Amino acid sequence: IRMKAYVDKDACIGCGLCVDICPEVFSLDDDGLAEAINDDIADDVLESAREAEEQCPTGAISIE
């Protein structure tokens, strides 16, 4: 089962930390807010995606 990342755009402040930590999964959209660019998180980047989730200052990222 593949994990998926979700970003709560209402909570996101566009700090870009998730992009720095895990650019394979996160990018900033045209509004400067984070978005998940891959539907499924590959096994080899799941650990860094989880770190991005933990480090997000507003808790806008969820991985399930």
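A salt bridge is a side-chain nitrogen of Lys or Arg within 4 Å of a carboxyl oxygen of Asp or Glu. By this rule, three salt bridges are counted in the present model. The model is predicted, so local features need pLDDT of at least 70 and side-chain atom pairs count only at pLDDT 80 or more, while totals for chains, interfaces and linings use all residues. Residues are numbered from 1 along each chain as its sequence is written, and side-chain values use heavy atoms, with hydrogens and water left out. Helices (H or I, at least four residues) and strands (E, at least two) are DSSP runs, numbered from the N terminus.

**Salt bridges**

- Lys-4 and Asp-40 form a salt bridge through their side chains (3.0 Å, N to O). The pair links distant parts of the chain, 36 residues apart: Lys-4 is in the segment before strand 1 (5-7), and Asp-40 is in the loop between strand 3 (34-36) and helix 2.
- Lys-4 is partly exposed at 30% relative accessibility, as is Asp-40 at 39% (buried means under 20% relative accessible area, exposed over 50%, partly exposed in between; 1.4 Å probe, protein chains only).
- A salt bridge also joins the side chains of Asp-29 and Lys-9 (2.6 Å, N to O). Because Asp-29 lies in the loop between strand 2 and strand 3 and Lys-9 in the loop between strand 1 and helix 1, the pair ties together parts that are 20 residues apart in sequence.
- Asp-29 is buried, with a relative accessible area of 17%, whereas Lys-9 is partly exposed at 34%.
- Within helix 2, the side chains of Arg-50 and Glu-53 meet (3.3 Å, N to O); these residues are three apart, about one turn of the helix. Arg-50 is partly exposed at 29%, and Glu-53 is partly exposed at 22%.

**Two sides of helix 2**

- The buried residues of helix 2 (residues 46-55) are Ser-48, Ala-49 and Ala-52. They lie on the same side of the helix because they cover an arc of only 105° around the axis, taken from the directions from the helix axis to the C-beta atoms.
- Glu-47 and Glu-54 are exposed on the other side of helix 2.
- The buried residues pack against helix 1 (17-21), strand 2 (26-28) and strand 4 (61-63).

**Nonpolar core**

- A nonpolar core is a set of buried Ala, Val, Leu, Ile, Met, Phe, Trp, Tyr and Cys residues joined through side-chain atoms within 4.5 Å. The largest has 16 residues, of which Cys-22, Val-25, Phe-26, Ile-41, Ala-49 and Ile-61 touch the most other members.
- Strand 1, helix 2 and strand 4 each give two or more residues to this core.
- Beyond its neighbours within four places in sequence, Val-25 has contacts (heavy atoms within 4.5 Å) that include Ala-5, Ile-41, Val-45 and Ala-49.
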